[in-house]
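Subject: Structure handover

Hi,

Here is the structure for you to look over. My notes follow below it.

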Amino acid sequence: MDAKIMKDLAQKYSFDELNKFADEFEHTGVAPVKTSEDAGDQMSDYLMAAELRFLMDDKGMNVNEALREFSKRVRGVLT
């Protein structure tokens with residue numbers, strides 16, 4: 001999980017655009033916006049950035065608040 005990449009994607013693209021990137025990558029294997037050489041990391045970047053963007057749009061959070069909230073949820077799942 002690269003926070004810088006997630007924040008950058010979430011700030012540049014809408015929730016719908018990020019989900020379209022993930023769908024296109026899943027179906028064609030071509031990354032519309034390349035962030036990683038590893039396919040798993042690439043898909044994770046899109047999906048995590050979409051979640052950040054959702055928090056930003058739905059809850060009115062800024063990108064840092066959204067990242068903290070997302071990270072908190074991930075840690076909760078892992079522990």
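At the start of α1, a side-chain oxygen of Asp2 comes within 3.0 Å of the backbone nitrogen of Lys4. Helices are DSSP runs of H or I, at least four residues, numbered from the N terminus.

This is a predicted model: local features need pLDDT of at least 70, side-chain atom pairs count only at pLDDT 80 or more, and totals for chains, interfaces and linings use all residues. Residues are numbered from 1 along each chain as its sequence is written, and side-chain values use heavy atoms, with hydrogens and water left out.

Helix α1 spans residues 3-12, and its Met6, Leu9 and Ala10 are buried (under 20% relative accessible area; exposed is over 50%; 1.4 Å probe, protein chains only). They sit on the same side of α1, because they cover an arc of only 100° around the axis (taken from the directions from the helix axis to the C-beta atoms). Lys4 and Lys12 are exposed on the face turned away from that buried side. The buried residues pack against α2 (15-28), α3 (39-59) and α4 (63-78).

The largest nonpolar core has 11 residues, including Leu9, Phe21, Phe25 and Tyr46. Such a core is a set of buried Ala, Val, Leu, Ile, Met, Phe, Trp, Tyr and Cys residues joined through side-chain atoms within 4.5 Å. Two or more of its residues come from each of α2 and α3. Another core lies apart from it, with 10 residues, among them Met6, Leu52, Met56 and Leu67.

Ser36 is in the loop between α2 and α3. Ser36 is buried, at 17% relative accessible area.

Best wishes

Notes
Contact = heavy atoms within 4.5 Å. Polar contact = N/O pair within 3.5 Å; in protein donor to acceptor, adjacent residues only side chain to side chain.
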